[in-house]
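Biologist: Hello! Please put the model on the screen, and then let us talk through its parts together.

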Amino acid sequence: MSTPSRPRTAVGCTLLVIALSAAATACGSDGNPLADRPYDAADQIAFNGPSGDGKKADPDKPLEVTAEDDDRITDVTAVDATGRFVAGELSADGTRWHSTEPLAAGAHYTVRVSTEDDDGAPGRKVLSFDTGKPTSKKTLTVKFGPKSGTYGVGQPITAELSQPIKDKNQRAVVERALKVTSTPAVQGSWYWVDDKQLHYRPEEFWPAHATIEVRSNLDGIKIGDRLWGGKSASVKLSTGDRVIAVTDAAAHTLTYYKNGEEVEQFPVTTGKPGFDTRNGVKVVLGKEYFVRMRGTTIGIAEGSADSYDLPVYYATRVTWSGEYVHAAPWSVGSQGYANVSHGCTGMSTANAEWFFDHVREGDVVQVVNSGGETMEPFGNGFGDWNLDWRKWRTGSAVTGAKTNTTVTQDAARLQPRAL
């Protein structure tokens, strides 16, 4: 390069204090490359911004600065006119820096690049450019669940986003625009299950015979630099009677409650040791008149002592992994006395048919006093109610705690929820 190389020297100052007098001597900077003004590094760096007058950078593309010849980049700062810095990453050898977050559209940026040549002399270059409109504009829409209709009082509301949202502030914008209103009114909160999925529930179960409306107010709202809310269809739900079925695995009974009153109690069998039925609150996911159940679907080797392949009728599903309340005529002799199933709740055919006819999606099925683990909150159905209200609210981007709260499972020996 054109700048002459200079040897490295140390820069120091000595302060001598002798008796009551002091003398300070400042060392000169002659011959010290670090003390001189930085050289113009324009010829030693390149960046992928616009080079002509009036041209604007595409905000969808990352900013990149590279060093040429023997120079190395020591520092890069990129900031817009509002004072917002752009995060970036410098390679280990100092030859390349690139932004790691999006640029804003319609913004003016100043980029300050510091370099160092092979003799240690510092270089500096200040760049500026404007960004234009993004070549691609993303739109966020929301798909609410379940579909409009009538459900049980345990049915959570779900919101599936068309784009992942990781940023905490953007999550708050989205969450505030997702509106849930109920008549009668109850307090509720959203929980971010992951970057694209939220669940909503009240502190307790929904009131019986309530009306619930769910809508998005995101249309036209700016969520991020290049992410805007779009139109989303609303849903309208209603709840039926307050139906809660409590299975006591130790007593081998299932008790059906309607609006707080005990209506029926059936002898049942639940999971035997090694296949214990999950404790906790579950929600009816659907009903299937006939299901072929095979042990291979839950990891049981075909032909082993626990292998099975059975036609099953009046099957009420409570987990996606295959836990049902269903007819089990082969175990009637054990129902009410022993737990012999592979995890499901088995009943006589007549009792299973009655239960099948008297429950709907969203009704609550709670298992207590089983040797199994507690139903997981998400991923295997609706275990949302197994988080207490304080823990549930930590999953909100608006009301949640600043730090993550570890979700712990309660002891296996449980008591039924308030009916």
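Modeller: Gladly, and a few terms come first: two strands pair if DSSP finds at least two bridges between them, while helices (H or I, at least four residues) and strands (E, at least two) are DSSP runs, numbered from the N terminus. This is a predicted model, in which local features need pLDDT of at least 70, side-chain atom pairs count only at pLDDT 80 or more, and totals for chains, interfaces and linings use all residues. Residues are numbered from 1 along each chain as its sequence is written, and side-chain values use heavy atoms, with hydrogens and water left out.

Biologist: In E18, what is the bridge partner of Thr 181?

Modeller: E15 and E18 are antiparallel partners, held by 6 bridges. Within that pairing, Thr 181 has as its bridge partner in E18 the residue Glu 213.

Biologist: What is the order of the open sheet of 4 strands?

Modeller: Strand E13 (residues 149–151) runs parallel to E21, with 3 bridges between them. Strand E18 (residues 211–216) runs antiparallel to E21 and is joined to E21 by 4 bridges. The sheet is open with mixed pairing, and the order of its 4 strands is E13-E21-E18-E15.

Biologist: Which residue in E21 stands opposite Tyr 151?

Modeller: Strand E21 (residues 235–239) has a covered face of Val 235, Leu 237 and Thr 239, while Lys 236 and Ser 238 make up the uncovered one. Tyr 151 stands opposite Thr 239.

Biologist: At about how many degrees to E15 does H1 run?

Modeller: Helix H1 covers residues 168–177. H1 lies across both E15 and E18, and its angle to E15 is about 30 degrees.

Biologist: In E20, what is the bridge partner of Gly 224?

Modeller: An open sheet of 3 strands has mixed pairing and the order E11-E20-E19. Its edge strands are strand E11 (138–140) and strand E19 (222–224). E19 and strand E20 (residues 227–229) run antiparallel, with 2 bridges. For Gly 224, the bridge partner in E20 is Leu 227.

Biologist: On to charges. Which residue's side chain meets that of Arg 72 in a salt bridge?

Modeller: Side chains of opposite charge can pair when their charged atoms come close. A salt bridge here is a side-chain nitrogen of Lys or Arg within 4 Å of a carboxyl oxygen of Asp or Glu, and the structure holds 10 of them. At 3.8 Å, N to O, the partner of Arg 72 is Glu 116.

Biologist: How many residues apart are these two in the chain?

Modeller: Arg 72 is in strand E6 (residues 72–80), whereas Glu 116 is in strand E9 (residues 108–116). This pair therefore links distant parts of the chain, with a separation in residues of 44.

Biologist: How far apart are the closest N and O atoms of Glu 376 and Arg 278?

Modeller: Arg 278 and Glu 376 belong to a network of salt bridges with Lys 282 and Glu 323. Glu 376 is partly exposed at 28% relative accessible area, and Arg 278 is partly exposed at 25%; partly exposed lies between buried (under 20%) and exposed (over 50%), with a 1.4 Å probe and protein chains only. In their salt bridge, the closest N and O atoms are apart by 3.6 Å.

Biologist: Is Thr 316 buried or exposed?

Modeller: Thr 316 sits in strand E27 (residues 309–317). Leaving out residues up to four places away in sequence, Thr 316 touches (heavy atoms within 4.5 Å) several residues, among them Val 284, Glu 323, Tyr 324 and Phe 355. Because its relative accessible area is 1%, Thr 316 counts as buried.

Biologist: What is the relative accessible area of Phe 290?

Modeller: Phe 290 has its place in strand E26 (residues 286–294). Phe 290 is partly exposed, and its relative accessible area is 42%.

Terms used:
Axes fitted to C-alpha atoms, helices over the stretch in contact; angles between N-to-C directions.
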